[in-house]
Amino acid sequence: MLAKAKTDEILPNKEAEESKDSQKKSKKEQKMEEPKTEEKKEKSISDLPGVGAATAEKLREAGYKDLMSIAVSSPGEMTDTAGVTEAVARKMINEARNSLDMGFESGADLLKKRDTIEKIKTTSEAFDELMGGGFETGAITECFGEFGSGKTQIGHILATNIQKVKDAKAPIAVYIDTENTFRPERIMQLAKGAGLDPEQVLKSIKVARAYNSDHQMLLTEKVEDLIKNGENVKLIIVDSLTAHFRAEFIGRGTLAERQQKLNKHMHTLLKLADQYNVGVYVTNQVMSKPDQFFGDPTAAIGGHIVAHASTFRIYLRKGKKGSRVAKLIDAPNLGDGEVCFNVTEGGLKDI
Ligand code: GTP
Ligand code: MG
């Protein structure tokens, strides 16, 4: 309810809807194509009409390595990154989409896919229950709340507990730290509390400091390379998702540009979650809404873009006597609810 309330960050409805649409679309398209890509492997970028060697090179340099990357792109994005005209981009995208012959996935296939989803435990039984067993892989979970509400603590807990997820190969967590708040000592404490080998847990976390929003976006894109190089990345944490964006884009005039970049960033994360069954955990700050007289006068940064892209949304706040309250406010298959816990040395403790 909170996050859906109007904030001065909200884009015009049409734009928000469009972005929602394109997210849905690209998600679907990614799912649909999988079995077909194998058969049509021989087709490459240079087979697209009007793409000569020079354009193909330009596209590759811009990161368009195969037909799929073009098929799931948008004309605007291609114009920006590859320097082709919008008309050419549109034609290439259509052609790439046609040649990939995207089909539909049955509900049964999707259900089977849901079987591969893992649930990462939070160390609070009540919290896990609220989340339907834990934080899901293959989805983005967003926690937003004021400073000290426990967002970073939950990030550390998930980065530790991903080791408890049963997987043939040791899972890797990628921690993109924008605020210099990742603490290996804390991980060791939590690992001990969870009965895990602290050294082993630390070795399984790849931490990267992001110095600005572009750096943050680049690091996220690089996660795909890690996966392609055989790393078993099962969890990506972006803490904080919005702090750099908030600091770099000040004033109303910059809002559209900021939201566009955030949208692209969320897409990268969505794609990783969807294609590789990776759990994505992002933290988000809140801002005060001076025009709100009833209820909670705070709203999440990032507006509709972040809200729509996140599969699960949790609002964290400080409760009575040093406790913390987590409220699930958006989930595709779970009821809303609220749980209360303390942050302790070993993790979260139910009250
Ligand atoms: P911002 O990043 O500032 O927006 O806050 P945040 O939501 O990330 O807060 P964070 O997760 O850093 O929570 C900080 C709170 O967690 C502290 O106020 C402590 O109450 C608690 N905490 C942090 N570390 C420990 C610890 O090692 N042991 C215990 N018992 N509590 C801790
Ligand atoms: Mg924090």
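**Figure 1. A cluster of aromatic rings in the predicted model.** Here F127, F135, Y281 and F341 are joined into a cluster by ring pairs. Keep in mind that this is a predicted model. Aromatic pairs come to five in the count.

**Figure 2. F144 and Y315, a stacked pair.** What are the ring-centre distance and plane angle for F144 and Y315? The centres sit 5.2 Å apart and the planes meet at 25°, so this pair goes down as stacked, the cut-off being under 30 degrees. A ring pair is described by just those two quantities, the distance of the centres and the angle of the planes. F144 belongs to strand β3 and Y315 to strand β10 (residues 312-318), so the pair ties together parts that are 171 residues apart in sequence. Are F144 and Y315 buried or exposed? Both F144 and Y315 are buried.

**Figure 3. A lysine over a ring.** This close-up shows K318 and F147. K318 lies over the face of F147, and the distance to the ring centre is 4.3 Å. For orientation, residues 312-318 make up strand β10.

**Figure 4. The open sheet, strand by strand.** Nine strands make up an open sheet with mixed pairing, and their order is β5-β4-β6-β7-β3-β10-β11-β12-β13. At the edges are β5 (205-209) and β13 (347-350), each of which pairs on one side only. From one strand to the next, the twist averages 25°. Strands of a sheet pair through backbone hydrogen bonds, either parallel or antiparallel. On the parallel side of things, β3 (residues 140-145) and β7 (residues 279-284) are joined by five bridges, with I140 facing V280 of β7. For the antiparallel case, β11 (residues 324-330) and β12 share five bridges, and L328 is set opposite G337 in β12. These two strands, β11 and β12, form a hairpin with six residues between them. How many residues does the hairpin from β12 to β13 run through? That hairpin runs through two residues. β12 (residues 337-344) and β13 are antiparallel and joined by four bridges, with N342 standing opposite K349 in β13.

**Figure 5. S124 in its loop.** S124 sits in the loop between β1 (119-120) and α7 (125-130). Its relative accessibility is 0%, so S124 counts as buried.

Figure 6. Helix α13 (residues 255-276) has 22 residues and spans 31 Å from first C-alpha to last, close to the 32 Å expected at 1.5 Å a residue. E224 has its place in another helix, α11 (residues 213-228). With 18% relative accessible area, E224 is buried, since the limit is under 20%. Leaving out residues up to four places away in sequence, E224 touches K271, L272, Q275 and Y276.

**Figure 7. L100 and K43 across the chain.** L100 lies in helix α5 (residues 86-100). Its relative accessible area is 6%, so L100 is buried. How far apart are L100 and K43 in sequence and in space? They are 57 residues apart in sequence, while the C-alpha to C-alpha distance is 9.2 Å.

**Figure 8. Stepping back to the whole chain.** There are 14 helices and 13 strands in the protein chain. What share of the chain's 351 residues counts as buried? The figure is 48%. As for contacts with a separation of 6 or more, 67% are accounted for by residues 24 or more positions apart.

Technical notes: Residues are numbered from 1 along each chain as its sequence is written. Chains are lettered from A and ligands numbered from 1 in the order in which they are written. This is a predicted model: local features need pLDDT of at least 70, side-chain atom pairs count only at pLDDT 80 or more; totals for chains, interfaces and linings use all residues. Side-chain values use heavy atoms; hydrogens and water are left out. The expected span of a helix is 1.5 Å times one less than its number of residues. Two strands pair if DSSP finds at least two bridges between them. Axes are lines fitted to C-alpha atoms, for helices over the stretch in contact, and angles run from 0 to 180 degrees between N-to-C directions. Rings of Phe, Tyr and Trp (its six-membered ring) pair if their centres lie within 6.5 Å; planes under 30 degrees apart count as stacked, over 60 as edge-to-face and the rest as tilted. Buried means under 20% relative accessible area, exposed over 50%, partly exposed in between (1.4 Å probe, protein chains only). A charge sits over a ring if NZ of Lys or CZ of Arg is within 6 Å of the ring centre and within 35 degrees of the ring normal. Contact means heavy atoms within 4.5 Å.
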